[in-house]
Amino acid sequence: MISALSSWLSTSDNRAKLFAALAVVLFATAGVGALTTHDRPSLSVDEQRPANNTLIALQGYQHEGRAIEVNPAGETVWEYTEADDVFDVEALGTNRVQIAVADELPDSDCPTEYRDDGYDNCVRNSLRVVAQDTNETLWEYSWFDAKLHAHELHDADHYVVNGEDRWVMVDMGNDRVFAVNRDKEILWQWNATDRYDRPEGMDEEGDWTHVNDVDRIRPGVFRISIRNFDTVADLHVENGSAHLEPVVGPDSYSASGDILYEQHNPDTLGDTLLVADSEHDRIVEIRNGSVVWEYGGSGVFDWPRDADRLPNGHTLVADSYNDRVVELNEKGEIVWSVETGSLPYEADRLPGEGSDGPTASEAGIPNRTQEASPVNERVAWGISMAKYVVPNNLAQELVIIVFGLLALVGTAVERWR
């Protein structure tokens, strides 16, 4: 039988037929996989359902961003789609949420200063307070910037002073943090140029600080994430002015920090920081400048960008490039997971926002890390990048499609021979 097969493959015509048949099978397999891939949120791990719903901000890959609320069964019970990219969603009480969004606009719809600035299109950033029952915008603060990438509004935090609503926002395009009241008056702001010099050769639209998170941790103190410094820092605000003190990481622009590497969404647990250490594919707790707990690695997470410690000791993680939100129990086991069908940025378990649970040592959560093989890491990276170019369901079949294309090349080569 083997000799007969070898004899049949001895001619270019037969080898071309084999490659063509292989291509058909591979493309058919990829097509079936793409058609059966969930493009809506769906439950993938259902060992221990939470008691409450979960708010999820979906940045999306190709302007399919939205904010959603899923119930413990993973079903979407509310959705907001009036934005290109969504980065933060936070409950403000019954029927009200705030949403941080970015919309890319054609130059013809941009303010004059951004129409002929050398960049295609512009971005309109906005913080919206929305009524969930109607999706009506009740209040909005917005501004324009030169371009979408690294110029979006990634986070805002609502707080109250003497009965007055206030919001603090991170403006990565202008390398600043600022606060406004309901009348949209700027109450204070901190500019990175107050303390740092821009790297030599980087213009004003370069991706310098990439400040991506802010939380008011106590009156007059706001904790921020300066992603491209690999630094978490505190802004101390008094009499309308702010000064910065680093908490973890270098006090300068960084290629890669010793502890954190392009982190997102640091949360404060007493004297401990819970941080999504994104480029290290892990979640960490840091105390007194040292990592005291870690979980993840490339064999578990792929670019996580949010982690919240829940009151019961579980940890809710937005595992961005794996397109899922997962919940770990106090043993470090994944007990609940929702495949989001798009790129998640952050997740909050209702009714709260952020972390209000114990530290890992208090909850007894073990350290656990697992690294993927270099090949699997590269394949995962390729699939993630493909999602920015082709539909998500096709990108998931990237490996099969590549082999199908190679089979087509083989067909062509044998036909040419």
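Helices (H or I, at least four residues) and strands (E, at least two) are DSSP runs, numbered from the N terminus. The model is predicted, so local features need pLDDT of at least 70 and side-chain atom pairs count only at pLDDT 80 or more, while totals for chains, interfaces and linings use all residues. Residues are numbered from 1 along each chain as its sequence is written, and side-chain values use heavy atoms, with hydrogens and water left out.

**The whole chain**

Colour the model by secondary structure, and the protein comes to seven helices and 26 strands. Of its 417 residues, 50% are buried, where buried means under 20% relative accessible area, exposed over 50% and partly exposed in between, with a 1.4 Å probe and protein chains only. Contact means heavy atoms within 4.5 Å, and among contacts between residues at least 6 apart in sequence, 51% join residues at least 24 apart.

**Around Trp-293**

Return to Trp-293, which is buried, with a relative accessible area of 2%. Leaving aside neighbours within four places in sequence, display the residues in contact with Trp-293, among them Leu-274, Ile-283, Arg-309, Ala-360, Ile-365 and Asn-367.

Next select Leu-269 in strand β17, which is buried, with a relative accessible area of 6%. Not counting residues up to four places away in sequence, Leu-269 touches Leu-274, Glu-285, Arg-309, Ser-355, Gly-357, Pro-358 and Thr-359. Leu-269 and Thr-359 are 90 residues apart in sequence, and their C-alpha atoms are 6.5 Å apart in space.

Then move to Asp-271, in the loop between β17 and β18 (272-277). Asp-271 is exposed, with a relative accessible area of 56%, and it touches Ile-286 and Arg-287, not counting residues up to four places away in sequence. From Asp-271 to Thr-359 the separation is 88 residues in sequence and 9.5 Å in space, C-alpha to C-alpha.

**The cavity**

Which residues line the largest cavity? Select Asp-88, Asp-155, Asp-213, Asp-215, Asn-265, Asp-267, Asp-306, Asp-308, Glu-346, Asp-348, Glu-353 and Gly-354 to display the lining. The elements that give two or more residues to this lining are β13 (211-218), β17 (264-269), β21 (304-309) and β25 (344-349). The lining divides into no nonpolar, two polar and ten charged residues, where Ala, Val, Leu, Ile, Met, Phe, Trp, Tyr, Cys and Pro count as nonpolar, Asp, Glu, Lys and Arg as charged, and the others, Gly among them, as polar. About 60 Å³ of space lies in the largest cavity, and the structure holds one cavity of 30 Å³ or more. On a 1 Å grid over the protein atoms alone, a cavity is a set of points where a 1.4 Å probe fits but cannot get out, and lining residues have an atom within 4 Å of a point. Grid points are joined across faces, edges and corners, and a volume is the space filled by probe spheres set on the points.

**Aromatic rings**

Now show the aromatic side chains, among which the structure holds 14 aromatic pairs. One of them joins Tyr-295 and Phe-301 as a tilted pair, 5.9 Å centre to centre and with 45° between the planes. Rings of Phe, Tyr and Trp (its six-membered ring) pair if their centres lie within 6.5 Å, and planes under 30 degrees apart count as stacked, over 60 as edge-to-face and the rest as tilted. Both Tyr-295 and Phe-301 are buried. Select also Tyr-196, Trp-208, Phe-229 and Tyr-253, which form one aromatic cluster.

Arg-176 lies over the face of Phe-178, at 3.9 Å from the ring centre, and Arg-349 lies over the face of Trp-336, at 5.2 Å from the ring centre. A charge sits over a ring if NZ of Lys or CZ of Arg is within 6 Å of the ring centre and within 35 degrees of the ring normal.

**Backbone stops**

Finish with the backbone, where a cis peptide bond joins Leu-350 and Pro-351, with omega about 10°. Pro-351 is in the loop between β25 and α4 (360-363). Asn-239, in the loop between β15 (231-238) and β16 (241-248), has a positive phi near 55° although it is a residue other than glycine, and Asn-239 is exposed, with a relative accessible area of 78%.

Technical notes: On a 1 Å grid over the protein atoms alone, a cavity is a set of points where a 1.4 Å probe fits but cannot get out, and a pocket is an open set with protein on both sides within 12 Å along at least five of seven lines; lining residues have an atom within 4 Å of a point.
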